[in-house]
Amino acid sequence: MEDTIFSRSFQEPFRFQTSQQKRLYTNLRRLGPGPSSFYREARGLMASPHQLTSITHIVAHLLREIESAIRRVLLPHNFTLPEACITCGNRSEMHAAQIEQIVKSLGLDNHIQKRWKEIATRNNTYNGLASLAHREDLSLPRKMDDSFENLVCSFEDVFDTVLTTFEQQSIPIFTLLDSLLKKERPSKKKGDLSVLKNRIPHNDVTHRYFFERLQSPGWLEPLHQADFFRPPPTQEWNEELNRPLYSAWPPAPYLLRMASLEPVQQTVLTILHEVAESDNPFVRSALLEIAQALPVTLATTLVPSVQKWIQDPSLGSVALKSINDFAIHLIQGHEHEAALALVEACSTVLGRSTSYTEYWDYEKLLTTTIPLLVKSTAFQTLSMLCQLMDTALYEHYLRFRDVQDEQEEYLRRKAQEASTRSWRRTIDTNGNFPIGSHDPLNLLVATIRQTAEQAIQEHLLTIEAMAPLFEGYPGRIFRRFMLNLLSCFPQEQPEIVRRYLMDRTMFDDSDVRHEYGQLLYARFAELSDDEQEQLYQWIEAGPDLQTYQEQHKRIYNVQPDESLVQQYANAWRRDWFGYIGDRLPKAWKARYDVLVAEVGPIEPDDIDFTWVGSASKLSIEDLRYMSIDQLITFLKNWQPTNDFMSPSREGLGRLLTALVSEEPGRIAEHANRFQECDPIYISAVIQGFTQAVQNHHSLDWEPILDLSSWVTEQRYGLSQDDTLMICDPAWAWTSQTVANLILSATAAHPPILPASLRTKIWDVLKRLVEDPDLTQEKEVGEDEPIMEYATRAINSIRGTALHAVIQYAWWLHQLAEQEKSSDTTLDFHMMPEVRDVLERHLDPSVDTSLAVRSVYGQHLTSLITLDAQWVENHLTRLFPTEADKKTLRSITWNTYIIFS
C-alpha cells in the first residue's frame, strides 16, 4: 500500500519543527481539541513527502476553522453587532469588527490587527485564506509555493502572539477569579463586582470558568443587578457557513444550582423572564432545564414565553423534547391548566406540519403527556383534543382548495360532512392507515380514542358525560368515536346504545358503518324485540340502489345491469345480517343462509387493501365475526392470486395475529385445529398468543402447547443414531415463533404457566434447543461488535430456545418460591434437564456457535442465582483459558459486561 499522509498518520504522529509551532499547538489545545487537531493536520499535510495536489486548499480550510474558533472563544461578551445590510441581511464587516474588539480587549497593537485582517478577512481590501480555500474556475489546484508558506508563517506569528498574550493575561485573571469564587458574596468595600466587570475580560472562557465554579447564592442578586445575566449571547454570522451561529449561555450552570435553593428562587425566576425573549436555542434549552428545578408554582409563569417559542419555525426536535419534559413537570406539580395550554400550543403547530421529524415529535408529545393530563383534567383534556380534531378536519379539507372569505362557513360545513373513511377506515386500531399526509389526523384519532377509553377505565368520566362533548361537534368522526366507545364497554348506557342503533340516519351512513356494525354485534341483544325487528326490516329493505347505480356509471362509464344491481343489494343484506350473526332468529337465519348461498360467504364490499407490504384479503373485524369453523374453512380454502400488490397470506396472517392477541381465549380452545392450515397462518396464531402473553391475558395453555409440539414434530425427526435432524425446512419460521412464545411465557412474572405443564413445555424446548439448522452456524466475523452475537442468538431458533431454557429454570425457581413447601434449594440437581442442556452447549466439540456463547454471558448473573456451585464448577468452560478458545472466553465475558 502506498505510504500516504493518511496511512502514515496512524503509524507516527507528526512532529512539530519549531518551538513556535509547539507553543501554538499547546495554546490551541487549551481552546479545545478541534483547533489543535486542525493545526496538527495542516502542518502534517504540508510536511508530508507525498503531498496532495489540493493541499493548499485543504490547509487553507483548516486554518480558517482555527481562526473562526479563536474568534468565538476570545470575543468579549459585550461585543456589539454591526448593522445588517437592508437588502440581504448579512453583516459584511462582522469579521473585521470582531478582530478589532478582540485585539482591543487583549491590548495588542494595530500591527497585529492589520496582519490578522490580511490573513483572515474577505472584503474589498483583504482576501486572504478565503481566496486560497476556494476556486472560482475549473483550473488545476493551486500549488504549494513560497507565498503560501509565508502566509502560513504569518498565520502562526499572529496567533502565537494572540494566544500567548491571552495566556499571559489569563494566569492572573484566573487567579483573581479563584479569589472571588472563595467569597460567599461580593464585597462592596473591595469593589468585587467592579473587579469582575472591569478587570476580567468578558469572553466565553472567563465566563464559563466563573459560572461553572460559582456555588454561593450570595452572588446571585448582585450579579443580577450588575447585568451579568443579560443580554444572553445573540447570533453571530459565520462567513464560512453563511448562516448564524449561537453560543452557549455561561451563567446557565450557576442558575441551575441556584434554582433548588428556596431563598433565591424568585430571583432566578426574574432572570429567566428577562432572557425569555431570546431566540438563542442554548438559552431556551437552559431556561427550560432551570425551570424544571424551580417549584412548579414559579415555573408555570414561564408558560406564555414558551408558547411564543412554539410559533418559531426554527424550533427543533431537541427544544420540543425539552418543552415536553417541561409540560410533564407542570403536570406532576398539579399545574394542569398551564400544562394543557402548553400541550395545546405544541399540538396546534405540530398538527399542521408536513415534516416526518415533527410528526414523531407530535406523537411523542401526545403519547407521553396526554395520559398524565387525563388523570387530573379528563374532561378538559378530551375537550382540547376534540377542538384540535375539529380544526384539523377543516384544515385538511381546505388543504388543496383556493378559499375565498365568503366561502369559509360553507366550506367548514362541507368539511364536517366529508367522508373520514378515506383516511381512517377504523377507529379501533392505532395504525390502520397509510404513512403520509394524513398522519397527524390519524394520530389525533388514536389519541382521542385512547384518552376516552382511559377516562372510562380509570373511572374519571362516563360515556354519559362524554356524549354531549362528542355530539357537540358536527363532524362524522365524532359519531364514530361514540359508536366505538359504546361497543367497547359492555353494560354502559343501554339507553344511549338504543338511541344510536335505532337512528336510521346512522344506519344509512356508510362513513360510520364499521363502528355501527361493531356496536350492533356487541349490543344487539340489549334491543327490544320490536327494535330488533325494525332493524331486520331496514336490512331487508336493502341499500340505496339509485346511489349505487350512479356511482357505478360514474366509475365505469356504463349503467349496471339488473343482475349486478341485485347481486350488490343481496351482498349488502348478507353483510348486515352477518353483523348480527348467531343471534339471528330462525326465520332470519334462514334468510341469511339463502343470501350466503346466492352471493357467497361474507366478504364486505369495503375490503381493506393496504398497499404497504403484502395486503390482506379481509379486515380484522371480518375475521372477528367468523365462527372458528368459518375461520378455519376460510384459511384452508382461500387462495391468493399472486398478482402484483394483491392480497397475500402474509397480509392475512398479520390480521390473524391481531385477532388472536385480542381474543386469545376463544382461539386457544381450538388451537389444534389450526394444524390443518398453512404454516404462515400457524405462525400468525402463535405470534398472537405471544402478544397475548405480553399483554397479560390468561390462556388455556394445554392446547397451545399441543399445537407447539406438533409444529416441532413437523420440523424435526430422529436420525438412525438418535440425533435430531430437520425433516422440513419450511417450518423454520414457525418453529422460531414457537421458541419466542415459550420464551415469553416462561419469562412472565408472576408465573403464568402451571407446574403441571413442565413435561409438555420441556418436550417442545428440548427439540428447539438442538436445532441443527446450519445457516445459524454462519457466524459474523470475530471482530464484529458483541451485540451482533446477541442479536444473532435471539433471531435464531437454537439461540432463542437456549434463552427460554434459562427462563424455564427461573420459572421453576419462582414456582418453588411460591410454594415454600420445602427447605431444599432448587438448583440444577433438581432440574437435570436444564443442567444437561447447558453443559452440552458449553462443549465446543458439540456447539461452536459464538451466538450461543453470548446467551451464557447475558444470563451469567441469573445462572449464579440459580446455581452458584454449578457456575463455579464450570468457570473454565465458561471462560476457557486455552489460546485456541480465546474467542469463546471473550464473547462470554464481554456479553456479560454489556448485559450485567
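# A walk through a predicted model

Hi everyone, let's start with some rings: Phe507, Tyr516, Trp538, Trp572, Trp576 and Tyr579 are linked by ring pairs into a cluster. Rings of Phe, Tyr and Trp (its six-membered ring) pair if their centres lie within 6.5 Å; planes under 30 degrees apart count as stacked, over 60 as edge-to-face and the rest as tilted.

Before going on, a word on where this comes from. This is a predicted model, in which local features need pLDDT of at least 70 and side-chain atom pairs count only at pLDDT 80 or more, while totals for chains, interfaces and linings use all residues. Residues are numbered from 1 along each chain as its sequence is written, and side-chain values use heavy atoms, with hydrogens and water left out.

Now the overall picture. The chain has 46 helices and four strands; helices (H or I, at least four residues) and strands (E, at least two) are DSSP runs, numbered from the N terminus. Of its 900 residues, 51% count as buried. Buried means under 20% relative accessible area, exposed means over 50%, and partly exposed is in between (1.4 Å probe, protein chains only). Taking contacts between residues at least 6 apart in sequence, 69% join residues at least 24 apart, where contact means heavy atoms within 4.5 Å.

Back to the rings. How many aromatic pairs does a search of the whole structure find? The search finds 30. In one of them, the ring centres of Phe507 and Tyr516 are 5.8 Å apart and the planes stand at 75 degrees, so this pair is edge-to-face. Phe507 and Tyr516 are both buried. Phe828 and Trp870 also form an edge-to-face pair, with 5.4 Å from centre to centre and 80 degrees between the planes. Phe828 lies in the loop between α40 (797-819) and α41 (832-842), and Trp870 in helix α44 (residues 868-873), so this pair ties together parts that are 42 residues apart in sequence. Phe828 counts as buried at 1% relative accessibility, and Trp870 is buried at 5%.

Arg213 has its charged end over the ring of Tyr209, 3.7 Å from the centre. Arg583 does this over the ring of Tyr521, at 4.8 Å from the centre. A charge sits over a ring if NZ of Lys or CZ of Arg is within 6 Å of the ring centre and within 35 degrees of the ring normal.

On to pairs of charges. Side chains of opposite charge can pair when their charged atoms come close. The structure holds 37 salt bridges, each being a side-chain nitrogen of Lys or Arg within 4 Å of a carboxyl oxygen of Asp or Glu.

Glu453 bridges to Arg449, with the closest N and O atoms 3.2 Å apart. Both sit in helix α21 (residues 439-457), four residues apart, about one turn of the helix, and both are buried. Arg513 and Asp575 also meet in a salt bridge, 3.7 Å from N to O. That pair links distant parts of the chain: Arg513 is in helix α26 (residues 513-523) and Asp575 in helix α29 (residues 562-580), 62 residues apart. Arg513 and Asp575 are buried.

Then there is Glu676 with Lys636, at 3.0 Å from N to O. Why does this pair tie together parts that are 40 residues apart in sequence? Because Glu676 lies in the loop between α34 (664-668) and α35 (679-694), while Lys636 lies in helix α32 (residues 628-637). Glu676 is partly exposed, with a relative accessible area of 44%, and Lys636 is partly exposed at 40%.

Let's finish inside, with the nonpolar cores. A nonpolar core is a set of buried Ala, Val, Leu, Ile, Met, Phe, Trp, Tyr and Cys residues joined through side-chain atoms within 4.5 Å. The largest one has 128 residues, and Phe210, Leu223, Trp249, Phe326, Met389, Phe470 and Tyr516 touch the most other members. Which helix gives the most to this core? That is helix α19 (residues 356-398), with 16 residues. Setting aside neighbours within four places in sequence, Leu223 is in contact with residues including Leu193, Phe210, Phe229 and Tyr254.
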